Amino acid sequence: MNSDAVVIDKLTKWFGKFRAVDEVSLRVETGEIFGFLGANGAGKTTTIRMLCGLLLPTSGEGRVAGYDIYRDTEKIKRRIGYMSQKFSLYTDLTGYENLWFYGSVYQMAPRELKKRIAELSEDLELGNFIKRPAGSLPTGWRQRLALAASLLHRPQILFLDEPTGGVDPVFRRRFWEILYRLADSGTTLFVTTHYMDEAEFCRRISIMHHGRIIAVGNPQELLVEHRQASLQELFIQLITQQECV
Amino acid sequence: MFRMVLALVRKEFYQVRRDPVMLRIIFLMPIIQLLLLGYAINTDVKNIRTAVYDYDRSDLSREFMRSLGAGGYFVTRPSDIPLLAGERGFRENRQDVMLVIPPGFSRDLKERQSVTAGFLVDGTNASSAAVAMGYANLISAEFNRELYRLSLPVTLRQKVLYNPEAESVYFMVPAIVAILLTMVTVMLMSMAIVREREIGTLEQLLVTPITKPALLLGKAIPFSLIGLVEFSIALVFGVIWFGIPFAGSWTLLYLLAFIFLFTTLGVGIFISTITKTQQQAMFFAWFFSIFAILTSGFFIPIQNMPQSIQYLTYLNPVRYFLTVIRGIMMKGVGLEALYPNIIAMIVFSVGIFTFAWLRFAKRTK
């Protein structure tokens with residue numbers, strides 16, 4: 001078994017004449033929190049979709065949890081969780097019904113599933129919100145519910161596409177506390193975000209621009225290397241540099 | 001596999017149950033559609049409004065008018081518009097037919113001379129005009145025969161089989177039931193998949209290890225059941241309310257409806273693979289339904305179509321199901337008479353469903 005959770009090599013995706021992802025190579029170690037940063041439209045979501053087996057790459061290689069992203073998508077899917085940037089649970093079902101549905105799709109035995117839902121609802125402090133229709137929940141609770149749904153089957157790797165978009169700072173902080181606990185228990189986290197304070201929580205980050213990765217490394221080391229005081233500045237500097245080129 | 005399918009089926013039913021509009025559509029639509037169409041689509045021509053200009057005013061002219069009105073086909077009344085302006089009655093839609101009985105009608109008849117009466121028909125609706133003229137010819141022939149106590153060399157002894165009263169509703173209701181099943185399942189199936197794609201839940205579902213058969217079955221089962229419930233409501237309602245005779249085998253009909261479902265579900269899945277939004281899916285489902293209805297022999301008899309269009313109707317899977325359902329309900333026939341249609345249905349079901357199945361991909365290219 002490979003110790004890297006995600007390895008991609010020259011992964012490329014063309015949409016017609018538009019190159020959304022351009023020879024991206026990356027390595028994400030097992031158990032680390034990897035921040036996948038980039039401006040809007042940089043190709044982050046496209047990359048994640050290829051890793052999750054939702055989108056067929058045009059070229060390049062990739063392995064997720066040790067499995068090939070072309071051939072072994074079904075094996076990959078059993079080992080990953082995915083939380084998209086758009087809330088994608090059923091708004092007319094309650095939180096519990098949503099979790100029960102996804103758990104059954106993962107073929108969890110009813111007894112085990114019941115236990116797991118109780119466990120997650122305590123961990124994520126879902127409380128009584130779990131009994132309400134998902135559509136009626138405030139954004140922060142929706143995000144937690146979505147996280148719970150993606151964690152039901154105890155995935156090795158969790159892909160989070162802007163999990164805290166539109167959520168207040170207190171909620172964001174608590175959400176990240178949960179993510180930290182997950183990482184501590186050995187789950188690999190692959191997170192995209194726009195919030196630079198969140199990027200600091202990551203062990204390593206990459207910055208993507210126009211389909212290419214323009215920087216990758218530990219946040220502190222990157223700051224030193226580029227002589228910047230904050231990630232915010234670093235991000236803006238790198239992107240403007242690219243635009244000038 | 002089984003648990004995945006069950007989870008999906010249960011989820012769909014939760015969602016339908018929580019949508020009051022959907023519930024109403026499901027249970028009221030078949031009945032409303034049947035009532036509206038059953039009464040509205042009536043090819044029987046009755047109560048033809050006949051404006052009469054009787055310039056003879058004799059017993060015989062009145063007798064002629066009486067026999068014209070006797071069958072309930074023509075309703076005669078003296079016209080209040082002068083003869084020369086009589087066309088106004090057609091333009092203002094106050095009459096369908098103008099009958100002009102000339103002076104000397106009875107005198108000439110008694111002298112055994114031939115007489116001509118004027119019979120003008122509104123041809124705006126060509127088919128009812130033709131029916132009206134046919135009736136009028138029959139009635140006047142009968143009138144002649146009785147008048148001279150003739151016995152004609154050839155007479156036809158007519159008998160209408162399977163539908164003695166020639167009620168068009170008997171013919172229409174089985175077809176409406178079939179069309180209902182088609183429209184409901186094509187629409188629900190395509191919309192169900194596209195809706196999930198539109199709101200993003202399909203993507204969430206596709207990152208799970210759910211298999212294609214489980215996903216498609218989990219979608220197909222609830223909507224087939226809903227389709228069959230509607231089909232049954234319409235069928236039972238048709239038999240009870242309209243008194244449609246059901247001559248054949250219910251088992252055979254349901255078996256064939258089940259086979260037919262693979263066609264409509266296949267079309268629904270296919271539509272979901274070529275559309276991105278519910279609006280697009282709705283439009284395609286509507287387009288398919290219009291084509292399917294118009295070339296199925298629903299209200300335009302296939303024999304009346306131009307030859308080239310008749311060939312086209314062979315490509316319409318609904319056509320076969322319509323023949324089958326009418327055959328089973330009205331004639332009470334079974335496999336022995338229907339097998340060519342049944343074979344066609346099976347071919348379409350297998351073909352369309354397989355094609356749609358292969359087109360449906362879990363991963364986007």
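How many residues does the contact take from chain B and from chain A? In this predicted model, local features need pLDDT of at least 70 and side-chain atom pairs count only at pLDDT 80 or more, while totals for chains, interfaces and linings use all residues. Residues are numbered from 1 along each chain as its sequence is written, chains are lettered from A in the order in which they are written, and side-chain values use heavy atoms, without hydrogens and water.

Contact, meaning heavy atoms within 4.5 Å, takes in 27 residues of chain B and 35 residues of chain A. The size of an interface is often given as the accessible area lost when the parts come together. Here the buried area (accessible area lost, 1.4 Å probe, summed over both parts) is about 2900 Å², with 54% given by carbon and sulfur atoms.

The interface of chain B and chain A holds 3 salt bridges, each a side-chain nitrogen of Lys or Arg within 4 Å of a carboxyl oxygen of Asp or Glu. One of them joins B:E203 to A:R49, with 2.1 Å between the closest N and O atoms. Helices (DSSP runs of H or I, at least four residues, numbered from the N terminus) take part as well: α1 (2–17), α7 (168–199) and α8 (201–206) of chain B each supply at least two residues of the side that touches chain A. Of these, α1(B) gives the most, with 8 residues.

Turning to the layout of chain B, an automatic or database domain assignment divides chain B into domain 1 (2–41 + 167–359) and domain 2 (48–147). The centres of these two domains, taken over C-alpha atoms, are 47 Å apart.

Terms used
Buried area is the accessible area (1.4 Å probe) that two parts lose on being put together, summed over both.
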